[in-house]
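Please open the model in a viewer and keep the selection tool at hand. The tour below moves from one selection to the next and states what is found at each stop.

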Amino acid sequence: MPRLCKTLGPDPPGRWFVSGYRRNFISDYDGLAGQWWDPRGPLAPLGWIARARAAFVPDAGANAGTDAATGAGAPQARLLDVACGGGLFGPHLAGKGYHVFGVDLSATALKEALGHGFDAVARADITRLPFADESFDVVTAGQCLEHVQDPFAVVAELCRVLRPGGTLIVDTIPDTRIARLVAITLAENVPLPGRPARGTHDHRLFVNRERLARVARSHGVELRLLGLRPRFRDFIRYLAGRRQEVRMVPIRSTSVLCLGVGTKR
C-alpha cells in the first residue's frame with residue numbers, strides 16, 4: 001500500500017507525498033529506534049562505517065556555487081543516502097556543500113535522520129527509488145545490500161539516479177567464509193559493547209564482490225573495491241570504555257568488509 005513520505009526536491013522539507021513501498025528486513029530497525037545514537041549499542045559499528053564512507057564523498061565544489069552565465073544561484077549539489085537509517089551519515093557531511101536526501105523503510109529512523117543533517121527524507125523501497133534518472137550528484141548505500149533479496153537490483157537503481165560524472169559509494173559484507181565468521185559467529189555472539197543483535201545478518205544474503213562490480217559496470221560505474229577494518233588501538237580503547245568511537249582504516253583485503261567507489265561515465 002502507498003505510504004506518506006517526506007517531500008524531496010524543491011518543496012520545503014517537512015511536507016509529505018505518497019510513495020509505494022514493499023516491506024523487507026530493513027523495516028525491522030523500527031524496533032531499535034532509540035539506539036541509533038547509542039555509542040555502545042548494537043548500531044554503533046554502523047556509525048564507524050558511516051564516518052569511513054564519508055571520507056570518499058567529494059566536496060560539492062562548483063555544483064553549489066553561482067551560474068557564471070546568468071549570475072543566478074546554481075542548484076545545490078544533491079546527495080542521496082540509501083537505507084539511511086537514523087542518519088548516522090549526516091554529521092560527517094557537514095561542510096561538503098550538499099543538499100542531503102535519505103531513503104529508508106523505517107519511519108522512526110527517518111525522523112531521527114531529519115534531526116541529524118538530512119534535509120529531506122522518503123519512506124520507500126530501495127529497489128524502486130522514487131526519483132528521476134540522473135538526479136543526484138552523489139549516491140551512497142551503506143550496510144544495506146546484505147539485507148535484501150536482490151542487492152544487484154538496488155545497485156542498478158543507485159546507478160540510475162546518479163548523474164554522469166557523479167560518485168557512487170557502497171559498502172557491504174561479502175559472501176566469504178571469513179566474513180560469516182566475523183560478522184555472525186563472532187560479532188553477534190561475543191558479549192562485547194557494540195554487538196549487533198543476534199539474527200541481524202543472514203549469510204545467504206552476503207554479496208558477491210565480482211558480481212557487484214560487474215553490475216555497476218554494466219550501468220556505467222567502474223567500482224574500485226577496497227576493504228575496511230577497525231583501527232586496533234581505537235578498538236581496544238573502545239572495549240575498555242576509554243573511547244566512544246572506533247575509526248575504520250582502508251585496507252587491500254575486501255574479504256570481511258567491502259567498500260566500492262566509482263564515477264559514472
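Select helix 2, residues 107-114, and colour Ala109, Leu110 and Ala113, which are buried (under 20% relative accessible area with a 1.4 Å probe, protein chains only; exposed is over 50%, partly exposed in between). These residues cover an arc of only 100° around the axis, so they lie on the same side of helix 2; the arc is that of the directions from the helix axis to the C-beta atoms. Helices (H or I, at least four residues) and strands (E, at least two) are DSSP runs, numbered from the N terminus.

The model is predicted: local features need pLDDT of at least 70, side-chain atom pairs count only at pLDDT 80 or more, and totals for chains, interfaces and linings use all residues. Residues are numbered from 1 along each chain as its sequence is written, and side-chain values use heavy atoms, with hydrogens and water left out.

The buried residues of helix 2 pack against both strands, contact meaning heavy atoms within 4.5 Å. Helix 2 lies across the two strands and runs at about 175° to strand 5; axes are lines fitted to C-alpha atoms, for helices over the stretch in contact, and angles run from 0 to 180 degrees between N-to-C directions.

Now display the whole open sheet: eight strands in the order 5-4-3-6-7-10-8-9, with mixed pairing.

Which strand is largely enclosed by the rest of the structure? Select strand 10 (258-263): five of its six residues are buried, so the strand is largely enclosed. Strand 7 (residues 162-172) runs antiparallel to strand 10 and is joined to it by six bridges, with Leu168 opposite Gly262. Strand 8 also pairs with strand 10 in the antiparallel sense, over four bridges, and Leu225 stands opposite Gly260.

Finally, show the largest nonpolar core, of 34 residues: a set of buried Ala, Val, Leu, Ile, Met, Phe, Trp, Tyr and Cys residues joined through side-chain atoms within 4.5 Å. Among those with the most contacts inside this core are Leu79, Phe89 and Tyr98. Helix 1 (44-54) gives the largest share, six residues.

Notes: Two strands pair if DSSP finds at least two bridges between them.
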